[in-house]
Amino acid sequence: MKSLASTTFVLAAVCVSAAVGKTHFVYWNSTNPVFRIDNTDNVIDVNTDNLPTEVDQMHLICPNSGEQHVIYSVSREEYVSCRVSNPRPKIVAVCDKPYGFKYFTITFRAFSPTPGGLEFRPGHTYYLISTSTARDLHRRAGGYCSTHNMKMALNIADTSVGTHHDADVVDNSVSINVPRIRTMMSPTTTQQPQVWSARVPHHRTDYIYYYKPWNRALGTSNRFLKIEPLSSNTVSALPLTSAAPISVTSVVNLVVLSLATLRLL
């Protein structure tokens, strides 16, 4: 019993760091009018109008008038029949000090940090009953549940995002597959920078090269010479297509042959 009480107080200490919505106080004794049959005060709405990060708490205060109770978390069928049929029921609280002060704290959250702790899923209803009697603390049928209607239903509200406080919730969702808005900018006139290009000339007529053999007797080798581009008024000879050198004797013979031809004419 001491281990159960210490576990409960550890749960209460962990819940302090969470955002607590509303706190409900329930005096679990047979004289409490909430357990009367002619009303529905034993049906409590939990986590109503809370933010998604807020959870309610409930303090179950044990009686100090001589009563003793074991409070179980049961199914709806067990709640209606006042009978605990589960061989391993889930115990919520044990009030075994009839003349002392004792209470248990329940935090209504969907996930419990303690293994085996109580978890309350949004949109579901959970049921608590006490089947103890004045002579048998651990009785699991009838008891105070049948004689004094000592049972309670807890309706857990759904506090998912978008159902409450829509005006206060900021939409941080990311749009996917949505065309982006592009702003059209007016064209501006900018001067293109001048960049030095090391490319070859675009046209073959930019530069004309011709092969000119030089006399080997003068000690010079064959060279390619560059001349300016041709214009429409320029007359030039075609470049030689043979790479063989021309001797002085060949030139003299060519001149003599040309003079002989002129005389015949």
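**Entry 1: ground rules**

I began with pairing: two strands pair if DSSP finds at least two bridges between them. Helices (H or I, at least four residues) and strands (E, at least two) are DSSP runs, numbered from the N terminus. I am looking at a predicted model, where local features need pLDDT of at least 70 and side-chain atom pairs count only at pLDDT 80 or more, while totals for chains, interfaces and linings use all residues. Residues are numbered from 1 along each chain as its sequence is written, and side-chain values use heavy atoms, with hydrogens and water left out.

**Entry 2: the whole protein**

I found four helices and 10 strands. Along the sequence they follow the pattern α-β-β-β-β-α-β-β-β-α-β-β-β-α. Of the 265 residues, 28% count as buried (under 20% relative accessible area; exposed is over 50%, partly exposed in between; 1.4 Å probe, protein chains only). I then looked up contacts, meaning heavy atoms within 4.5 Å. Among those between residues at least 6 apart in sequence, 69% join residues at least 24 apart.

**Entry 3: the sheet of five strands**

In what order do the strands of the open sheet of five run? I read E2-E8-E7-E4-E5, with mixed pairing. E2 and E5 are the edge strands, each pairing on one side only. On average, neighbouring strands here are turned by 20 degrees against each other, direction ignored (axes are lines fitted to C-alpha atoms, for helices over the stretch in contact, and angles run from 0 to 180 degrees between N-to-C directions).

Inside this sheet I followed strand E4 (residues 69-74), which pairs with E7 in the antiparallel sense over four bridges. Tyr72 has Ile129 in E7 as its bridge partner.

E1 pairs with E3 (residues 54-61) in the parallel sense over seven bridges, and Thr23 stands opposite Gln57 in E3.

**Entry 4: nonpolar cores**

A nonpolar core is a set of buried Ala, Val, Leu, Ile, Met, Phe, Trp, Tyr and Cys residues joined through side-chain atoms within 4.5 Å. Which of the 23 residues in the largest core touch the most other members? They are Trp28, Met58, Leu60, Phe108, Met152 and Leu154. The elements giving two or more residues to this core are E2 (43-46), E3, E5, E6, E7 (125-130) and E8 (151-156). Apart from it lies another core of 12 residues, including Val74, Cys82, Ile129 and Ala153.

I took a second look at Met58. Leaving aside neighbours within four places in sequence, its contacts include His24, Ile44, Phe104, Phe108 and Met152.

**Entry 5: a lysine to remember**

Is Lys102 buried or exposed? I found Lys102 buried, because its relative accessible area is 12%. Lys102 sits in the loop between E5 (90-95) and E6. Its side chain reaches the backbone oxygen of Val94 at 3.2 Å. Beyond its neighbours within four places in sequence, Lys102 is in contact with Leu60, Ile61, Cys62, Val94 and Asp96.

Conventions. Polar contact = N/O pair within 3.5 Å; in protein donor to acceptor, adjacent residues only side chain to side chain.
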